[in-house]
Amino acid sequence: MTEAEFEALRVFLKARSGLALSPDKRYLVESRLSAVCTRFKLDSLSHLIREIRTGRSIALEKATIEAMTTNETFFFRDKTPFDLFQDVLLPKYLKERAASRRLRIWCAAASSGQEPYSLAMLLKEASARMPGWHIDIVATDISTEVLEKAKAGIYNQFEVQRGLPIRLLVKYFAQTGEQWQISPEIRSMVDFRYLNLLDDFSRLGQFDIVYCRNVLIYFDAALKADVLRRIANTMAADGSLLLGASETVLGVTDALALDPAHRGLYAKTAPANVTKLFAVGSR
Amino acid sequence: MSYCLIVDDSRVIRKISREIVESLDFRVAEAENGEAGIQACRAEMPDVILLDWNMPVMDGYSFLQHLRSMPEGSAPKVVFCTTENDLSYISRALDAGADEYIMKPFDKDILTAKFQELGVLPASHSL
C-alpha cells in the first residue's frame, strides 16, 4: 500500500464514517482489511483501495468501514455509568417523568448490544418501582453485522463473563452449549437501528438519557463538536449524556456541561438545567 | 492490601491465578483442596476466595458450605472458578452462598470485572 493509497483510504473513512485514521494506525489497516480482501477476492490492499475509489461496490465500502471501526464492548462496561443510571438518573427521571411515565434512552454506537441490554436488565430489575411506565431503548450502530449479532442476543462464554454479574446471567439468559442467549423479554426492550453518526439524528426523536461512549475518540475535534451539538439537540431540556471515561466536552462544545459530582455525566448548558441536574444528582 | 485465597488442585491454575491476582495488588495464599482451604481460613479469613469445584479430599461445594457455617465465614467473597459451566452447577453454587462464578477458561479482564462487581477492587482499576 503506497502513501497515496493510504491517504485515499483515510479520506474515504473520514467522509463515510467520521473515523479519523492517524498515520500511526497504518498497521491496523493491514491487520483488519486482509480478511475483507479475502472475502471479496481481492489480491491486495492496493486492489481493495482501487475498487473503493471506483465507487462500484457498496458492499465492499460497507465491509471496509465495518472492519475499521472498533466494536469492542462488554456488559456493564466501566461499571460507573451503570451505577450512575441506577443511583442518579433513574431516581431523577422517576420523579421528573412521574406524570408522563415515559423514559427514552439512546445508546449511540451500541455495537453488539451489551450496553443497551445492560440498561434493559437494570430497568427490568427496577420494574416493580415503575408500574405502567413506557420505556424506549433505541440502540444504533454503523455496522449492520454487529447489529445482527445484537438483535440475536447470543454471546459466547467470554462475552457473558466480562462484567455481567452471574445472578443476571442465570436470571436473563438461556444456555445452549457454550452460547448464551438473552431472554426474549429483555431483547424486546431494545430497538436496534442502523445509524451513521454523520447522518441526521432528528428522526430518532427526543431522549432523556443518551449513552455515547468510546466512539468520539475516533473523531477529529470538528466532528466531535458537530456530533455533540446534534446529540444535545436530541436531548430533553433536562436530559443527560454519558460519555466514555476518557472523553470530555471540555474545549469541544459549549452545548453541554459536566456534572462536577459525577465523572462522565453531562447536561445541556442552560443554567437552570445544570443547576437542576446537579441538585438532584449529587450524592 | 486485600488478601485472596486460591483453592484449586491444579498447580498450573493456581500459578496462573496467582499471577493475575497479584497483578491486581492482592496478597495471595494457595490451598490444594477444600480441607487445606478451610485450615487457611481458620488461620486468616480472606477478603476473597477463588474456588475450584472438583478437588480431592474436599470439593469446592463442600468447602463453601463449611466456610459459610464458620464464625466470620460469611465475610469472604467467594468466586467459583471452574470448568463446570452448566447452568445447574451455577445455580447450585449460588444457592450454597457463592458470590460470583467464573467459567474456565478465563482471563485477567474477566477476573478484574468480577472483582469490581464484588467491590473488592475499585471500579477505577482499568480493564
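Colleague: Which residues of helix 6 of chain A are buried?

Modeller: Bear in mind from the start that this is a predicted model. A residue counts as buried if 20 or more other C-beta atoms lie within 10 Å of its own. By that criterion the buried residues in helix 6 of chain A are Gln114(A), Glu115(A), Pro116(A), Tyr117(A), Ser118(A), Leu119(A), Ala120(A), Met121(A) and Leu123(A). Nine of the 12 residues of this helix are therefore buried, so helix 6 of chain A is largely enclosed by the rest of the structure.

Colleague: What should I keep in mind about the geometry of a helix, and how far does helix 6 of chain A reach from its first C-alpha to its last?

Modeller: In general, an α-helix has 3.6 residues a turn, so residues three or four places apart point the same way. In this case, helix 6 of chain A covers residues 114–125 and reaches 16 Å between its first and last C-alpha, which is close to the 16 Å expected at 1.5 Å a residue.

Colleague: Which domains does the assignment give for chain A, and how many residues does each bring to the contact between them?

Modeller: The domain assignment divides chain A into domain 1 (3–68) and domain 2 (80–152 + 185–281). Six residues from domain 1 of chain A and 10 residues from domain 2 of chain A take part in the contact, and on the side of domain 1 that touches domain 2 there are three nonpolar, two polar and one charged residues. The C-alpha centres of these two domains of chain A lie 31 Å apart.

Colleague: Turning to the contact between the chains, which element of chain B gives the most to the side that touches chain A?

Modeller: The contact takes 16 residues from chain B and 11 residues from chain A. On the side of chain B, the elements giving two or more residues are helix 4 (87–95), strand 5 (100–103) and helix 5 (108–118), and helix 5 of chain B gives the most, with five residues. By class, that side of chain B has 10 nonpolar, three polar and three charged residues.

Colleague: In what order do the strands of the sheet in chain B lie?

Modeller: Five strands of chain B form an open sheet in the order 2-1-3-4-5, with parallel pairing. Its edge strands are strand 2 (27–31) and strand 5 of chain B, each of which pairs on one side only, and neighbouring strands of this sheet are turned by 20 degrees against each other on average, direction ignored. Strand 1 (residues 3–7) and strand 2 of chain B pair in the parallel sense over five bridges, and Cys4(B) stands opposite Val28(B) in strand 2 of chain B.

Technical notes:
Residues numbered from 1 in each chain as written. Chains lettered and ligands numbered in written order. Predicted model: local features only at pLDDT ≥ 70, side-chain atom pairs only at ≥ 80, totals over all residues. Contact = placed C-beta atoms within 7 Å. Helix = DSSP H or I, 4+ residues; strand = E, 2+ residues; numbered from the N terminus. Nonpolar A, V, L, I, M, F, W, Y, C, P; charged D, E, K, R; others polar. Pairing = 2+ DSSP bridges. Axes fitted to C-alpha atoms, helices over the stretch in contact; angles between N-to-C directions. Expected span 1.5 Å × (residues − 1). Domains from an automatic or database assignment.
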